Amino acid sequence: MVMAPSATTTAIEEYAFLSLKTSTPYTEGATIGKENHDGVEVAKKMIHEALKNRIHNIDQDTCEAGDEDAFFVADMGDVYRQHLRWKKNLRRVKPHYAVKCNPDPQVLRLLAALGTGFDCASKAEIEQVLRMGVDPSRIIYAQPCKTKSYVRYAAKEGVKQMTFDNSDELYKIKELFPDAELFLRILTDDSASLCRLSLKFGASLDTTGELLRLSKELGLNVVGVAFHVGSGASDPAAFLRAVQDARFVFDQAAELGYTLKTLDVGGGFVGETFEDMAAVLSSALDEYFPPSVRIIGEPGRYYVASAFTIACNVIARRTVEDPESRAKKSYMLYLNDGVYGNFSSIMFDHQHPFPQALKVGPRFLPSASPRCEDEDENGERAIEYSVWGPTCDGIDCIAESWRCEETLDVGDWLYFEDMGAYTKCSATRFNGFTNAHDTVYVSSEAGASSLLGY
Ligand SMILES: *Cc1c(COP(=O)(O)O)cnc(C)c1O
């Protein structure tokens, strides 16, 4: 049997043909968001083909250690569609992709080519974006509490836009980068979001006056206001309130002689509710900010969550006998990736990744096979599994209970969709399981393929 491509093979080269052959029918206008069911179907098939092609040649009885490691398939066409969807629904808001969410080099390359800006929070993130040839004016250093040496680095590289939310930071900026273009980050009500950011950052409205006065005294250049309604936001009203609060600070600044030019509406957008959020935000912006005010945003998960699918190998299985009935067994499945790896989103991002069977014995399941999650529908035929990661820690559990009609065993493969946001970026190397996972890139949109040269 031919060995699987090793981890060093560049996936782009290998799968380029795949995207070129199948992505051509889709053109710009035809492919926006939810409306484009055909595009999404084509994408699903393409991702499934890429998963199969990669797994096809792996024989877990003879392969080298690690050849069966978990891997991602990333559909750059998905990122591209999300960008078109953004442009359609948030015309006024120029996106600055939050690099921390997933600093995948191909994602950054595509977004750079599409002309977005970037939200960076560290020297390494700024450097990664600058190295692609992106102009420093397209970067916002959106970390209100910055490392001094990084501020010096930003000054040297000409990355001028940065946020602040307290007086100590103002003194720091006065000393290190007095010409910086400052955004005052305000507190928001983020109680309806998955990851609350205002617990840590943001000036409350009873301190913004003082902060602006101090900025003026120090001769600093405040150019805008920034907020973030919390990552994974679910309440559109949070955007309305934040826009109103930002208006209040714009007016406060005007009284002190500042003419603020830019509003930064942060991130928090999720694919599922994007249109609703965008509608509320757009009308709030039009009501409170004249067209002369430039609006930027810092979406992270919105751009990448659905673009990445991960495949994991079943490395071990434990049979759990039912004391009541000998015929009714359940199983514990152990995968080669888990909570300490790419499923770090379970801990840090409150996610519940959903397993789907991909390969059972020699048999690949069709991409359209039904999700076997509903106990009633599958009745007695469904087998119950718990799904675990590879480390020695009991906390390393991916799914406590999952039902599937297939009898899964060692060597079989599962896959999980929607694994692009806050996954590999927060993976650890705990217990020696690699986090240097391979990514196979495909593109279900001709527009993305041509920008990336796939
Ligand atoms: C994390 C973060 C983002 C991205 O948030 P998402 O919810 O992923 O869109 C944007 N801006 C700042 C300042 C952040 O910390």
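**Cavity, pocket and ligand in a predicted model**

Good morning. The largest cavity has a lining of 13 residues, with D337, Y340, G341, P390 and F433 lying nearest its centre. On a 1 Å grid over the protein atoms alone, a cavity is a set of points where a 1.4 Å probe fits but cannot get out, while a pocket is an open set with protein on both sides within 12 Å along at least five of seven lines; lining residues have an atom within 4 Å of a point.

This is a predicted model, in which local features need pLDDT of at least 70, side-chain atom pairs count only at pLDDT 80 or more, and totals for chains, interfaces and linings use all residues. Residues are numbered from 1 along each chain as its sequence is written, and side-chain values use heavy atoms, leaving out hydrogens and water.

The space in the largest cavity is about 70 Å³, a volume being the space filled by probe spheres set on the points. Its lining comprises four nonpolar, seven polar and two charged residues; Tyr, Cys and Pro are among those counted as nonpolar, and Gly counts as polar.

I turn to the second largest pocket, which holds about 490 Å³ of space. Elements giving two or more residues to its lining are β3 (117-120), β9 (231-233) and α11 (301-304), taken from DSSP runs (helices H or I, at least four residues; strands E, at least two). The lining has 30 residues, and K100, A142, R185, L197 and F201 lie nearest the centre of the pocket.

What sits in the second largest pocket? The ligand does, by the criterion that more than half of its atoms lie within 2 Å of the grid points. Around the ligand are 15 residues (a heavy atom within 4 Å). Nearest come K100, S231, E298, G300 and Y422.

Finally, the polar contacts (N or O pairs within 3.5 Å). A polar side-chain atom of Y422 is 2.5 Å from a ligand oxygen. The side chain of H228 places an N or O atom 3.0 Å from an oxygen atom of the ligand.

Methods:
A polar contact is a pair of N or O atoms within 3.5 Å; within protein, one must be able to donate a hydrogen and the other to accept it, and residues adjacent in sequence count only if both atoms are side-chain atoms.
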